[in-house]
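Have the viewer open while you read.

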Protein chains: 2
Amino acid sequence: MFATMGALGLAPTAAAQGTPQFDAPSASDFHLKGRSAGSVIVLGGGIAGLVSAYELGKAGYRVTVLEPRDRTGGRNFTVRGGDELTDTYGHHQQARFSAGQYMNAGPARLAQWMVTLDYCRELGVPVEVFTNTNADAYIHNSSMPDGRPMRYRTAKADTYGYVSELLAKATDTGALDRQLTADDKELLIEFLRDFGDLGAKTDGYAYTGSSRRGYTTWPGESGVPGVELGDVPTASEVFASGVGRYFSFEFEFDQAMLMFQPVGGMDQIPKALTRAIGADKVRLGCQATSVLQDDHGVTVAYTDPGGRARSLRADYAIAAMPPHLLAKLHHNLGGDVATALAAVKPASAGKIGLEYRSRWWETDHRIYGGITETDSDLTHVWHPSYGYHGDRGVMIGYYHYATVADRYSLMTPLERQTTAVALGERIYGPKYRTELDSSFSIAWRQVPHLEGAWHGGYDVQSAALKPLVEPAGRVLFAGDWLSNMDAWQHGAILAARKAVTALHTRALA
Amino acid sequence: MFATMGALGLAPTAAAQGTPQFDAPSASDFHLKGRSAGSVIVLGGGIAGLVSAYELGKAGYRVTVLEPRDRTGGRNFTVRGGDELTDTYGHHQQARFSAGQYMNAGPARLAQWMVTLDYCRELGVPVEVFTNTNADAYIHNSSMPDGRPMRYRTAKADTYGYVSELLAKATDTGALDRQLTADDKELLIEFLRDFGDLGAKTDGYAYTGSSRRGYTTWPGESGVPGVELGDVPTASEVFASGVGRYFSFEFEFDQAMLMFQPVGGMDQIPKALTRAIGADKVRLGCQATSVLQDDHGVTVAYTDPGGRARSLRADYAIAAMPPHLLAKLHHNLGGDVATALAAVKPASAGKIGLEYRSRWWETDHRIYGGITETDSDLTHVWHPSYGYHGDRGVMIGYYHYATVADRYSLMTPLERQTTAVALGERIYGPKYRTELDSSFSIAWRQVPHLEGAWHGGYDVQSAALKPLVEPAGRVLFAGDWLSNMDAWQHGAILAARKAVTALHTRALA
């Protein structure tokens with residue numbers, strides 16, 4: 001039974017562990033066929049577009065990437081000092097972050113199993129831990145009396161303590177005798193006593209607090225045994241506080257620690273891909289306007305950085321643009337493609353980076369990285385996962401979605417900063433305001449040429465999406481939205497590989 | 001109530017968070033007194049000795065550190081290629097680790113609250129995450145059928161799932177009505193459904209598996225929704241597997257993630273302290289043989305690196321040596337000191353570093369850092385927390401204590417390697433053997449001049465220890481063993497600060 005319960009064999013293979021199989025196109029594939037690699041236009045220089053161009057380039061395809069922004073990466077966007085953004089609402093910002101300080105405005109974390117890490121390895125992009133979970137970070141719910149935050153470790157100790165106590169009592173009194181054998185009961189209670197830090201049977205398996213909650217005075221030198229946090233709340237108080245709702249996040253397959261990030265910013269990935277493709281094959285500031293295919297190739301019309309109308313012809317095209325923007329292009333890909341594209345709806349999300357003149361969260365709060373959760377508009381507050389002990393640091397002051405993000409998108413950048421700082425000050429105290437240097441905020445639905453954080457309203461496995469899942473003649477589609485891991489680079493990469501494989505298979509046929 | 005339950009005020013101060021208060025001695029302290037700083041001999045260049053010398057040096061004390069080994073740091077010992085060790089059993093090793101590869105043979109992790117991090121900040125020692133917990137690391141118990149490992153994430157999903165199901169059922173059937181109000185019950189069941197990924201009430205709140213367990217095929221491109229790990233074990237099977245015994249480790253105050261380590265090896269701390277003290281004030285290869293105090297000072301006899309007898313006189317001495325080795329010195333500190341020293345017993349622990357020619361745990365197992373737990377002699381197996389995606393890496397093949405460590409201490413280094421690799425191969429498969437390049441093992445009880453991993457057999461708060469807690473005339477004592485955090489540098493540092501404060505107070509009196 002255990003042999004299959006998440007277990008691995010004695011000689012685990014990559015395939016056995018879920019690694020996607022992919023044979024990158026190779027120039028040698030053409031040798032026996034007496035053919036050579038053709039030309040491909042890639043619409044969009046985000047992760048899906050770049051990976052498409054990179055993998056096709058390995059086989060000698062002549063690729064040209066058309067990217068409307070002034071950089072590659074798409075939503076993989078690391079904001080540094082000097083970066084400018086004018087959003088579709090007209091809000092203009094120029095980041096004033098100090099040298100070495102940055103925010104990953106889009107994707108920011110990689111799970112160990114994600115194929116994105118394989119590209120980091122292959123391209124020589126060093127990685128470090130992204131601090132997705134931290135026992136010393138806070139939980140702050142408005143229902144908490146006095147509006148004071150708790151540390152995760154305290155909330156967990158209390159919740160796990162009472163859950164364990166209650167289950168130990170129910171088990172011991174026979175309430176679960178239909179479900180549990182005598183052996184089960186003994187093993188379960190032994191586990192619960194350890195898991196919840198409970199008293200003995202003679203103490204009613206009571207949870208009465210634990211050093212796991214934390215200390216008001218840490219254990220130190222002789223004479224200083226430490227003072228545990230006191231005033232343990234009741235079970236009712238713990239359940240009413242709502243702290244438990246945040247615990248399952250860290251169990252999720254895509255969020256469980258350890259998580260990783262590229263050293264120096266997430267955009268090290270698109271930068272490395274762009275170098276590997278060849279910067280001369282990537283045309284920045286080039287906005288596609290039409291995609292017309294015929295029996296022999298694809299013609300793409302676009303405007304160049306000077307605003308001039310241009311066109312480019314190739315054997316194939318891979319459309320790796322946001323689907324709702326692709327839908328606006330003039331094309332002859334057919335009504336089914338248009339209908340399918342219309343089903344995919346962009347979603348809203350926003351982040352604000354707050355640069356501080358000191359790392360007061362490390363010195364005053366003893367929080368080195370991790371995420372504070374709150375039920376306010378801020379939703380998630382991220383402590384930086386780089387630059388520990390440095391002079392400065394960039395907090396992510398909010399990371400929120402949907403209607404909250406839509407509300408904040410209407411605010412000016414200054415209003416967003418003011419609001420975010422006022423809410424954060426409730427959690428962290430005055431330095432959240434007084435130590436602030438500058439901020440940069442992003443509302444993804446309003447970023448030109450991207451206009452969305454991720455996607456919804458459709459099922460990629462459905463028949464309705466089939467016109468996009470399969471090649472539309474000489475045009476193929478790629479993007480996270482065409483995967484089962486929307487909003488993750490992992491999904492964008494695998495969708496790109498699928499398009500590359502389909503294109504290469506056809507080219508070889 | 002929440003105001004005190006691990007919560008912090010709106011304007012938290014360092015003191016409110018348990019930070020130890022310490023006023024480092026300063027030259028200005030002497031100005032009003034018309035005195036000047038005296039001389040101090042520090043016996044032992046481990047962390048307690050170095051911090052003593054460093055802090056006293058800030059006030060101008062003329063310090064001399066006598067260290068018998070060829071390096072400072074004591075048990076803070078980072079092993080690199082070329083390092084040699086002959087233990088007290090006569091086992092000789094020279095490490096053959098490649099450039100950039102190392103093992104932290106002693107302390108290896110720092111909690112965010114530990115004062116050790118303050119020294120890293122003050123001394124400019126950069127830190128990075130130590131991967132103490134990893135959802136993708138393994139649990140391997142000999143009771144598991146087929147001897148196959150499980151991932152933490154799978155073990156947690158199943159354990160939390162069944163615990164939640166059982167408690168939800170007991171709650172729903174009224175078995176806990178004496179403990180819980182109707183509101184409590186509703187909130188608790190809502191929590192449990194999320195925490196355990198349970199079905200609805202109509203499904204009996206059943207746990208039937210979860211994507212949290214992991215996948216045999218990861219979610220990928222369109223057409224690949226992912227295949228969850230199947231064959232969910234029964235509750236009985238989960239409780240019998242014993243996996244739950246490992247979960248509480250990560251809740252402990254001193255072990256909860258996030259944890260940290262110095263970049264480049266733990267010995268960056270003693271190296272930085274030694275530089276700050278002044279290397280000329282640290283005499284390596286100098287073994288103390290007697291400590292004799294009189295009304296005016298302390299005379300320490302020692303042998304220099306050439307084996308010649310030497311002596312040194314100073315106003316004070318701080319004895320920062322292992323207590324059981326200090327007990328063997330000739331001294332005139334009195335019978336109470338001798339009795340107290342005799343109470344402190346050294347403990348055994350061992351580690352082996354295994355350098356591999358590839359990072360197969362990353363590529364084949366998708367494990368980037370973290371600790372695998374096993375009930376075999378290996379006890380803990382550590383994946384490296386540095387060098388991700390590199391060509392090579394050093395695993396800690398075992399980290400074990402007490403009688404297991406004593407058994408392994410009797411083996412030759414080659415026998416240890418052979419045994420460790422055979423046990424590890426059961427968890428990880430053949431590459432655990434075939435990719436091995438070299439190893440280095442340490443048995444702390446047998447390391448000359450240290451002869452112990454940590455301490456037991458006494459209570460630092462007891463009256464019996466008082467002769468060591470307080471100055472013995474002009475001789476003061478320091479070490480992790482004189483703190484409430486034995487085996488942690490945090491404890492050594494705070495004990496050293498206590499000795500420094502006592503010495504300085506007396507000097508100013």
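## A helix over the sheet in chain B

Helix α11 (residues 413–428) of chain B lies across β9 (138–140), β21, β22 (370–374), β23 (380–383), β24 and β25 of chain B, and runs at about 115° to β25(B). Helices (H or I, at least four residues) and strands (E, at least two) are DSSP runs, numbered from the N terminus. Axes are lines fitted to C-alpha atoms, for helices over the stretch in contact, with angles from 0 to 180 degrees between N-to-C directions. Contact here needs C-beta atoms, placed from the backbone, within 7 Å.

This is a predicted model: local features need pLDDT of at least 70, side-chain atom pairs count only at pLDDT 80 or more, and totals for chains, interfaces and linings use all residues. Residues are numbered from 1 along each chain as its sequence is written, while chains are lettered from A and ligands numbered from 1 in the order in which they are written.

## The seven-stranded sheet

The open sheet of seven strands goes β10-β9-β22-β23-β24-β21-β25 in chain B, with mixed pairing. Its edges are β10 (150–151) and β25 (436–443) of chain B, each pairing on one side only. Two strands count as paired if DSSP finds at least two bridges between them.

Inside that order, strand β21 (residues 349–356) of chain B runs antiparallel to strand β24 (residues 393–401) of chain B, joined by eight bridges. Ile352(B) has Tyr398(B) in β24(B) as its bridge partner.

## Strand β1 of chain B

Strand β1 (residues 39–43) of chain B is largely enclosed by the rest of the structure, because four of its five residues are buried (20 or more other C-beta atoms within 10 Å of a residue's own; 12 or fewer is exposed, in between is partly exposed; C-beta atoms are placed from the backbone). Five bridges tie β1(B) to the parallel strand β2 (residues 62–67) of chain B, and Ser39(B) sits opposite Arg62(B) in β2(B).

β1(B) also pairs in the parallel sense with strand β18 (residues 316–319) of chain B, over four bridges. There, Val40(B) is partnered with Tyr316(B).

## Over in chain A

Helix α1 (residues 47–57) of chain A and helix α14 (residues 489–508) of chain A have axes that come within 8 Å and cross at roughly 40°. Residues making the contact include Val51(A) of α1(A) and Ala496(A) of α14(A).

Strands β22 (residues 370–374) and β23 (residues 380–383) of chain A are antiparallel, with four bridges. They form a hairpin with five residues between them, and Thr379(A) in the turn has a positive phi of about 65°.

Definitions and conventions:
Two residues are in contact if their C-beta atoms, placed from the backbone, lie within 7 Å.
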